[in-house]
Amino acid sequence: MKNLIWIGLLSIYSAQAQTLATVGNAKITASEFKRKLQEIESQAINPPSAEQFLEDLIRFEIGVQEAEKLKLQNDPQVKERIRQVLYNALLEKQVGAKVNNIKITEREMREFYKKNPEIRLAHILIDVKENAKPEERELVRKRALEILGEVKKSKRPFEDLVKLYSDDVATKETGGDIGFQSRVTLAPMIYEEAVAMKPGEIKGLIETRFGFHIIKVLDRRSYDLADKHQVRAALFDEKRAQAFNNYFEQVKKNYNISINKDSLNSLAK
């Protein structure tokens with residue numbers, strides 16, 4: 001009986017190790033073919049036939065071997081892609097399980113939303129043209145400060161001042177209203193200012209890559225009215241980022257890292 005079992009196991013192993021196709025110096029085994037075909041069948045709406053899929057694998061092997069003949073593995077762009085693949089594979093192996101096991105509770109969402117509420121804003125934008133020189137940007141800043149002074153002194157409604165001063169064509173006719181925004185959808189420097197403000201409060205100048213902003217908080221949405229899917233997604237992103245940060249903080253201890261701050265500062269200008 002034992003002999004029959006061993007014979008059966010050997011026949012199964014032999015079938016799995018059987019060479020289905022030979023392409024140059026590579027072999028495609030039956031087990032490899034079956035595994036890859038099952039993966040495709042589980043994912044594709046209209047999977048290929050076995051014959052079509054085998055042709056795809058043969059073409060893949062031909063392509064790899066042709067690339068090696070041309071020594072494309074030494075091409076700088078190919079090397080960079082390989083590095084990206086290795087990096088992604090590392091993250092999947094070392095951090096993937098932690099990310100997949102992230103749990104989010106209703107209580108955590110409420111606590112998160114207290115610090116990251118959705119805020120409705122209106123703004124006046126004094127724009128700075130792209131690639132403006134430092135002296136040009138400084139002239140715009142001085143003009144923006146003058147406008148801020150006028151806004152603070154004026155008795156007119158903010159929406160009237162928007163029409164008078166704002167360079168944002170998209171919101172100029174609607175009083176500068178940009179609707180409810182979250183930490184994810186708003187420029188960080190604007191959100192950080194807005195989240196600390198009360199409805200009706202006006203503050204400026206806030207500088208972004210678009211120019212200088214004067215903002216007014218119009219409303220703050222309660223958690224009960226917030227988009228829970230967005231809140232959950234934002235909290236998940238925060239927890240995922242923390243998992244990545246924790247991993248790299250540990251691994252960085254194994255490496256000597258030096259940064260040329262003078263060179264970094266010159267590039268940042």
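Me: Which residues in H7 meet Phe158, Leu161 and Tyr165 in H8?

Reply: This is a predicted model, in which local features need pLDDT of at least 70 and side-chain atom pairs count only at pLDDT 80 or more, while totals for chains, interfaces and linings use all residues. Residues are numbered from 1 along each chain as its sequence is written, and side-chain values use heavy atoms, with hydrogens and water left out. Helices (H or I, at least four residues) and strands (E, at least two) are DSSP runs numbered from the N terminus, and contact means heavy atoms within 4.5 Å. On that basis, the residues of H7 that meet Phe158, Leu161 and Tyr165 in H8 are Arg143, Ile147, Glu150 and Val151.

Me: Is H7 roughly parallel or roughly antiparallel to H8?

Reply: Axes are lines fitted to C-alpha atoms, for helices over the stretch in contact, and angles run from 0 to 180 degrees between N-to-C directions. Helix H7 (residues 134–153) and helix H8 (residues 158–165) pack with their axes 11 Å apart at an angle of about 155°. Angles under 35 degrees count as roughly parallel, over 145 as roughly antiparallel, 65 to 115 as roughly perpendicular and the rest as oblique, so H7 and H8 are roughly antiparallel.

Me: What is the angle at which H2 and H3 cross?

Reply: The contact is made by Phe33, Lys36, Leu37 and Ile40 of H2 and by Ala50, Phe53, Leu54 and Leu57 of H3. The two helices are roughly perpendicular, because the axes of H2 (residues 30–43) and H3 (residues 50–69), which come within 11 Å, cross at roughly 110°.

Me: How many charged residues are in the contact of H6 with H11?

Reply: Helix H6 (residues 106–115) packs against helix H11 (residues 228–251) at about 90°, with the axes 10 Å apart, which means that they are roughly perpendicular. From H6 the contact takes Glu108, Met109, Phe112 and Tyr113, and from H11 Lys228, Val231, Arg232, Ala234, Leu235, Glu238 and Lys239. Ala, Val, Leu, Ile, Met, Phe, Trp, Tyr, Cys and Pro count as nonpolar, Asp, Glu, Lys and Arg as charged, and the others, Gly among them, as polar. By class, this contact of H6 with H11 has 6 nonpolar residues, no polar ones, and a charged count of 5.

Me: How many charged residues are in the lining of the largest pocket?

Reply: On a 1 Å grid over the protein atoms alone, a pocket is an open set of points where a 1.4 Å probe fits, with protein on both sides within 12 Å along at least five of seven lines, and lining residues have an atom within 4 Å of a point. The largest pocket is lined by Leu125, Asp127, Val128, Lys129, Glu130, Asn131, Ala132, Arg137, Arg209 and Phe210. By class, that lining has 4 nonpolar residues, 1 polar residue, and a charged count of 5.

Me: How many charged residues are in the lining of the second largest pocket?

Reply: His123, Leu125, Ile178, Thr185, Leu186, Ala187, Ile190, Phe210 and His213 line the second largest pocket. By class, the lining has 6 nonpolar and 3 polar residues, and the number of charged residues is none.
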